[in-house]
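Dear colleague,

Please find below the structure that I am handing over to you, followed by an account of what was found in it. I would be grateful if you could read the account alongside the coordinates.

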Amino acid sequence: MHLSAIHHVAIICADYERSRRFYVQTLGLRVIAEAWREARRSHKLDLALPDGGQIELFSFPDPPPRQSYPEACGLRHLAFRTPDLDACIARLAAHGVAAEPVRVDEYTGGRFAFCADPDGLPIEFYECREVSAEE
């Protein structure tokens, strides 16, 4: 088996318009496709990630709340790589989204911070310095 990358991550939201604003306007993800699926009474929004991956944002009528605290089994959080953590935190703040204090990974020394999406899904921003081809 050869796995080359994550193709997409699917997220179910409680309030489609609120979550759409967060992922498109706050995080700046580009819309690939958007559809209303009448039979399921569900929106489906495909969002492009810079590395070619995607986020699929779904709405369904009355989804159960996400269990997070205490942490439950399953997907723990969604993490994005960024070359500038401070710029991410500033953009979040400009959109009224509070980030947790910056932490340092004890194993790699990398800086990271979390915020929550509109449904409480933890979103991590992990700072990774971009390395040029000359280095």
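**Strands, pockets and cysteines**

This is a predicted model. Strand β6, residues 103–104, and strand β7, residues 111–116, run antiparallel and are joined by two bridges. Within that pairing, Arg103 stands opposite Phe112 of β7. Six residues lie between the two strands of this hairpin, and one of the hairpin's residues, Gly109, takes a positive phi near 80°.

Strand β7 also pairs with β8, residues 122–127, in the antiparallel sense, here over five bridges. Phe114 has Glu124 in β8 as its bridge partner. The hairpin of β7 and β8 has five residues between its strands, and Gly120 in the turn has a positive phi of about 90°.

Turning to the open sheet, four strands are arranged in the order β1-β4-β3-β2, and their pairing is mixed. Its edge strands, each pairing on one side only, are β1 (8–13) and β2 (30–37). From one strand to the next, the twist averages 15°. The pairing of β1 with β4, residues 54–59, is parallel and extends over six bridges. One of the residues concerned is Cys13, whose bridge partner in β4 is Ser59.

The loop between β2 and β3 (42–48) contains Ala39. This residue counts as exposed because its relative accessibility is 83%, above the 50% cut-off. Ala39 and His7 are 32 residues apart along the chain, and their C-alpha atoms are separated by 26 Å.

Two pockets should be noted. The largest pocket has a volume of about 670 Å³. Its lining is made up of 23 residues, with Leu49, Pro50, Ala79, Phe80 and Arg81 lying nearest the centre. Both β5 (78–82) and α2 (85–94) supply at least two residues each to this lining, and β5 provides the largest share, five residues. By class, the lining of the largest pocket comprises 15 nonpolar, three polar and five charged residues.

The second largest pocket has a volume of about 330 Å³ and is lined by 13 residues. Nearest its centre lie Ile12, Cys13, Pro64, Arg66 and Asp119. The lining of the second largest pocket has 10 nonpolar and three charged residues, and no polar ones.

Finally, I turn to the cysteines. Cys128 is partly exposed because its relative accessible area is 25%, a value between the limits of 20% and 50%. In the structure as a whole, there are zero disulfides.

With kind regards

Note on methods
Residues are numbered from 1 along each chain as its sequence is written. This is a predicted model: local features need pLDDT of at least 70, side-chain atom pairs count only at pLDDT 80 or more; totals for chains, interfaces and linings use all residues. Side-chain values use heavy atoms; hydrogens and water are left out. Two strands pair if DSSP finds at least two bridges between them. Axes are lines fitted to C-alpha atoms, for helices over the stretch in contact, and angles run from 0 to 180 degrees between N-to-C directions. On a 1 Å grid over the protein atoms alone, a cavity is a set of points where a 1.4 Å probe fits but cannot get out, and a pocket is an open set with protein on both sides within 12 Å along at least five of seven lines; lining residues have an atom within 4 Å of a point. Grid points are joined across faces, edges and corners, and a volume is the space filled by probe spheres set on the points. Ala, Val, Leu, Ile, Met, Phe, Trp, Tyr, Cys and Pro count as nonpolar, Asp, Glu, Lys and Arg as charged, and the others, Gly among them, as polar. A disulfide is a pair of cysteine sulfur atoms within 2.5 Å. Buried means under 20% relative accessible area, exposed over 50%, partly exposed in between (1.4 Å probe, protein chains only).
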